[in-house]
Amino acid sequence: MFFKDDDFIALDIKVKKCSKVYHEGDVIAGVVVFECKNDVKHDGIDLTIEGLVNLQLSSKNVGIFEAFYNSVKPIQLVSSVLEIASAGKMPAGKTEIPFEAPLQACANRRLYETYHGVFINIQYNLHCDLKRGFLHKDHGRTLEIMVEYKKQPGLPAPPKKDTSVNFTITPESLQNVNDRSRVPRFLVTGRLDATVCEISKPFTGDLIVDQCEGEIKSVELQLLRVETCGCAEGFARDVTEIQTIQIGEGNIVRGLAIPIYMIFPRMFTCPTLTTSNFKVEFEVNIVIIFGDEHIITENFPITLIR
Amino acid sequence: MSTPRSQSLWEWACRIAPPVTKKKLPSEEVHDHPLKPMTITVSETRGASKRLGTGTSTPTPSLVMDPLGAALDGSDPLSQFAKDPLTSDAWDATDSQTTKVASSTDEYMEPWHTRRAVILNKFTTSEKLSMVSSFLSAGEKVVRAQSSVSSIVRTRLEQLDDYDDGTMRELANLTQQEYIIRIEQLNKQLVHNWEKDSRVNALRIAIQCSALLEDTSVIQFYPSKFVLITDILDSFGKLVYDRIKAKAESKIMSGRRASTTLPDNFTPDMIPEEAKEICSNWFYKCSSIRELVRRLYVEASILKTYSFLTKAEFSQALTRLTKMVRGIGDPLVAVYARCYLCRVGMSVSTINRQFLKENFYDFLATYHQLFSGPVRSVLNTQKVDMCTYLHLYTPALEWIVQGLAHNAPESLLVEILSRCYHKGNSALLLNTVMTSFRPSYVSSRALYFIELISACNTEGYPQYLLFKSLGNCLSVAETESPLQVLNEVWKVISKLEQPAQYIACAEVWAHFIVTHFSNHEINIFLGDIILHMTPNRVYEQFYPQLLNIVDKVVTNCADFESLFSMDKFLPLIDMFHGETIKVNVCKSIMAAYMSRGSKELSNDPIVIDALMFVCRGMHDSVSVLTVEDEKRQIGLLISQLVRQVNFGQDLEQQLSYFVEARAAFTNLDSVHSTLVQCVNKLSVNTGRIVRGHHTRKTASFVRACAAYCYITIPSIFSEYTRLQLYLLSAEVALMNQCLGQADACLKAALSLVPELPTSIEVDGKMRSSEPYLTSYISHFLSLLLIVPDSPQLGVLYLLRGLLNVLKHYTWDQNSSARIRIYLYVIDMLSTAAQETYPYSIRKVDSNDVLYGSDPKFIAEINSVCSGLIEEILTHLKFLGSSEQLHKQAALAFDLFIRIVIRGDLTSPGLATLALNLWNLANKNRLLDSKLAGRTVEYLKRRSPTQGVQQNVYNELLNKLGS
């Protein structure tokens with residue numbers, strides 16, 4: 001080696017809120033922790049707050065190559081840079097530099113909730129950069145923060161509408177069946193307590209297998225995301241699974257209500273979102289698997305709110 | 001240099017002391033002495049109504065607890081260790097609260113960990129088991145489990161039950177033991193991973209373990225599997241709980257620097273944000289577990305952690321999980337999941353017990369599933385019968401119902417009974433209710449229960465089990481109309497055709513019958529048992545049960561002695577063939593008899609005959625191969641019986657009983673020695689009755705007693721016992737003026753001495769027998785003093801015999817025990833030379849009277865003494881030559897004392913000899929100078945006041961001082 005590089009530099013960002021959840025307009029407060037063995041010369045430390053919506057076209061809707069190249073340009077929601085230390089020298093040892101930065105949307109934009117999907121990602125990052133001169137490596141560190149919509153305490157809660165759904169599944173109610181004669185006789189009734197759901201509350205309901213001549217292997221609850229991207233060629237709509245929760249295992253007893261209960265996973269769900277360029281929506285499937293591997297599925301679109 | 005000079009220079013003569021008038025020692029009255037048993041004085045403060053003066057304390061003597069006995073009662077310390085120490089660690093924390101609750105309430109609920117061991121012992125299998133886990137080395141890779149849902153997009157959420165790392169392995173063909181070892185390994189892995197900070201791995205192990213509970217492939221092992229796996233889950237839950245608690249505590253500490261530990265009853269608002277965040281993270285992780293059973297178990301295992309979040313959350317979650325169990329199709333898996341939920345729920349004391357009821361009623365709602373087609377087909381493929389299958393439910397169901405019944409009012413029993421009654425096949429439920437509810441509730445409704453039991457006819461669940469449970473309740477609690485209950489029950493039980501079922505019921509009901517009914521009914525009961533057990537000699541298979549019944553009868557029966565007059569009791573005992581079992585029966589009868597207190601002396605020939613019969617049974621089992629401790633126990637029991645039998649004034653019969661006993665129990669040393677003691681006691685008592693003046697009849701009787709002893713002693717094995725007993729018998733014989741018998745005993749003792757082994761075993765170590773022998777011979781000598789010489793055998797015949805024996809006894813080369821004994825002999829002989837002896841036996845003329853201090857007799861004594869002193873001097877020389885100077889000094893000093901005190905100093909040369917010995921003792925300054933000083937002082941004080949003696953004595957004293 002020609003240059004003796006500094007043996008050890010560590011950079012870390014710590015925010016005060018341990019949950020790392022912020023609302024629009026909040027001030028993000030924290031420290032940048034800088035640790036090195038020897039004194040380090042640098043050209044300044046910057047802190048960037050960046051919020052992006054990344055859209056990607058699935059290969060189902062466009063060709064593979066287009067999918068690869070034609071990623072839609074990301075939409076920037078937040079972008080601000082903060083110099084937390086000007087060029088100079090860092091003393092050896094541990095240095096903590098406190099910072100405070102407002103979480104403010106770019107002009108003409110508003111903040112959406114953090115969401116990690118397959119084709120759509122909404123992500124907010126704090127990025128800290130230690131710039132160093134020529135011949136030296138720059139150092140950086142990224143920390144993701146969560147953004148949620150604010151619950152406005154001042155406003156009265158919107159009047160609760162009963163959005164519950166009662167459902168009945170029978171062989172006759174099924175669509176998309178090839179050979180109806182092979183479907184066993186059954187009657188499944190149930191109820192979803194709400195189809196407009198608060199994201200922080202569990203999704204609830206119950207289900208009764210009133211009768212079923214075959215053996216049941218499993219009853220499952222599937223949470224799906226429906227992601228729609230607008231692009232030059234039109235819309236690309238993709239449905240993918242987020243999670244599946246088993247609510248009935250084995251040949252469950254007939255006539256007894258079994259509970260439907262699911263907690264919406266954080267990050268992978270967000271309030272239902274519709275914008276001019278893209279949409280994020282959710283659906284729930286109730287899946288009944290019979291002993292002979294027959295699967296019946298009942299689909300319910302749901303709206304998530306905060 | 002003053003070595004003792006040769007014999008010719010001195011001559012021993014005993015000093016004849018003038019008769020001493022007896023002085024009374026000063027005495028004062030005392031209230032305490034060291035041998036009095038320790039008592040605790042409890043003073044009671046009386047009510048104010050009493051007069052002031054009468055408010056004295058009432059001492060209530062209670063023996064301070066014997067430390068040895070204390071160790072024995074309660075549970076056996078060995079079996080306490082038998083429970084698995086590894087898993088019990090995990091228990092301490094989770095159970096501490098349960099036990100606290102239990103102790104604070106009046107009713108005791110059996111804690112889980114005692115049940116745990118029972119389950120593990122009961123539900124075992126010889127089938128091969130298999131398990132799937134990614135954390136065990138070895139085993140075949142399994143094909144990745146296909147998810148049942150078609151869309152395959154995997155998200156990071158699924159990483160928890162991710163099979164992608166390819167390390168998922170299946171271990172098949174495990175025996176039960178191997179399986180347990182593997183689970184143990186998983187447990188260690190979990191803790192290990194946790195300590196390594198890889199908490200996700202720890203969670204994955206917990207999930208994989210819960211997954212094993214989905215599998216009912218070897219169904220009869222399922223309860224044990226449940227126990228093993230919930231152990232792991234418990235330790236996992238505890239780890240999570242402790243970590244969050246530690247987090248919260250460290251946060252609080254850094255904030256305030258004040259209290260570092262959370263109080264036990266902390267509230268959620270005391271918990272810092274960060275800890276809550278971690279907490280809810282755990283629950284988010286759990287809620288995304290796909291499979292129902294795994295999600296349920298893992299969430300239940302960390303349920304206690306909810307207490308960090310909000311107060312109400314815990315019970316809400318419990319209710320929610322209770323509902324969730326409904327989704328489990330397999331009734332067995334479901335009931336165990338409920339059991340686990342109840343266990344977790346009950347570990348938090350403040351919780352409302354409502355969820356237990358919900359769980360039980362949910363189970364009732366699914367009860368019909370147990371008898372449904374799918375379950376039957378599973379049982380068919382696994383070749384398990386319905387009865388075994390239903391028994392698998394018992395532990396879980398009992399736990400739930402017991403939790404429910406714990407401190408519950410009687411009304412709950414009524415409510416539950418009415419619910420169960422309407423279910424078909426309710427035997428399992430009824431049984432659980434009977435075993436779980438307070439026995440008094442059940443027993444007060446005994447007749448109603450009998451009705452229910454007779455009405456329910458469950459396939460696969462035999463009725464006798466229900467009667468057994470009912471019997472258990474009734475043996476603890478009272479019922480109103482025992483006779484009616486018994487009649488109703490016995491109608492059914494006596495019709496049971498399977499001997500196993502019959503005896504199981506009889507065993508349980510024995511307690512009820514024995515406590516509630518008279519001998520007449522007991523006799524009928526025993527007769528019924530004999531009737532059922534006799535065909536085809538089936539009783540041979542049920543010895544433990546029969547033994548139990550006998551035990552219950554003998555311990556609880558009100559009138560013990562009339563037991564033997566029943567015509568069915570002894571035939572029942574007769575059914576026990578085979579050595580060991582017979583001995584056990586005999587032992588339990590004897591132990592029961594003895595535990596009734598020693599005051600109950602019996603002289604009923606029927607009872608004695610029966611007990612003798614029983615004891616003979618025990619005795620006859622003793623053989624060469626019998627263990628020492630077994631012999632000891634049997635010996636103890638028989639000895640106790642021998643001591644108990646008392647014919648009162650009928651001495652002849654008493655003696656003939658002892659003769660009979662001797663003939664019956666020939667093999668046991670301890671019984672023989674007891675017999676000799678008893679006969680001696682009898683002899684002494686006889687003497688006491690006639691106040692020492694024997695008539696011809698009593699004289700011949702006591703002689704017979706002495707003869708009995710003399711004959712019996714040689715059959716004892718131990719030389720020590722024999723020696724002691726000879727001496728004792730000689731003393732007793734002498735007391736009863738049987739001189740010849742006393743002489744014979746003493747002679748026998750003397751001839752036995754050479755056989756005494758030189759070393760004895762004490763507490764497993766070999767010790768020299770010399771100290772024992774020395775003390776024995778001192779005792780012997782003190783008796784010898786008053787034994788009159790036999791006219792045929794010459795003067796001091798026995799003493800000469802003793803000396804002869806001592807001379808030829810093989811002494812240890814270096815010991816001076818023989819010489820010490822010679823010193824004692826000198827003491828004894830000097831006393832024998834006195835005009836009257838210090839003690840004597842009434843109506844026995846000792847040598848003082850016989851010889852009247854005849855000079856020939858004195859001369860004889862003196863010559864023997866001279867011989868002894870000569871021996872001692874020789875030994876002193878030997879000690880000097882072998883450089884054992886300490887011993888030499890001590891011995892010389894002792895001999896000096898003897899000469900000065902016992903000897904007549906006017907006898908030629910004796911004073912000089914004494915002086916020489918004194919010098920020898922002081923020669924090397926080995927003697928304690930204080931002792932020497934005190935001795936001189938003492939000698940000065942007791943100097944004789946007159947005669948020639950005084951001059952010599954004083955002269956000697958003067959020389960000593962210089």
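Predicted model: local features only at pLDDT ≥ 70, side-chain atom pairs only at ≥ 80, totals over all residues.
Residues are numbered from 1 along each chain as its sequence is written, and chains are lettered from A and ligands numbered from 1 in the order in which they are written.

Chain A contains one helix and 21 strands; helices (H or I, at least four residues) and strands (E, at least two) are DSSP runs, numbered from the N terminus. Of the 306 residues in chain A, 26% are buried, a residue being buried if 20 or more other C-beta atoms, placed from the backbone, lie within 10 Å of its own. Two residues are in contact if their C-beta atoms, placed from the backbone, lie within 7 Å. Among the contacts in chain A with a separation of 6 or more, 69% are between residues 24 or more positions apart.

One open sheet of chain A has three strands in the order β1-β3-β8, with antiparallel pairing. Two strands pair if DSSP finds at least two bridges between them. β1 (9–15) and β8 (93–102) of chain A are the edge strands, each pairing on one side only. On average, neighbouring strands of this sheet are turned by 20 degrees against each other, direction ignored. β1(A) and β3(A) (residues 27–36) run antiparallel and are joined by seven bridges. A:Ile9 stands opposite A:Cys36 in β3(A).

Between the chains, 28 residues of chain B are in contact with 33 residues of chain A. On the chain B side, the elements that give two or more residues are α8 (273–287), α9 (292–301) and α10 (313–325). α8(B) gives the most, with five residues. By class, this side has ten nonpolar, nine polar and nine charged residues. Here Ala, Val, Leu, Ile, Met, Phe, Trp, Tyr, Cys and Pro count as nonpolar, Asp, Glu, Lys and Arg as charged, and the others, Gly among them, as polar.

Further along chain B, helices α11 (residues 331–346) and α12 (residues 354–365) pack at an angle of about 175 degrees, with their axes 10 Å apart. Axes are lines fitted to C-alpha atoms, for helices over the stretch in contact, and angles run from 0 to 180 degrees between N-to-C directions. α11(B) is therefore roughly antiparallel to α12(B), the term for angles over 145 degrees. From α11(B), B:Val335, B:Arg338, B:Leu341, B:Cys342 and B:Gly345 meet B:Phe355, B:Leu356, B:Asn359 and B:Phe363 in α12(B). The residues of this contact are six nonpolar, two polar and one charged.

Methods
Parallel < 35°, antiparallel > 145°, perpendicular 65-115°, else oblique. Buried ≥ 20, exposed ≤ 12 C-beta atoms within 10 Å, placed from the backbone.
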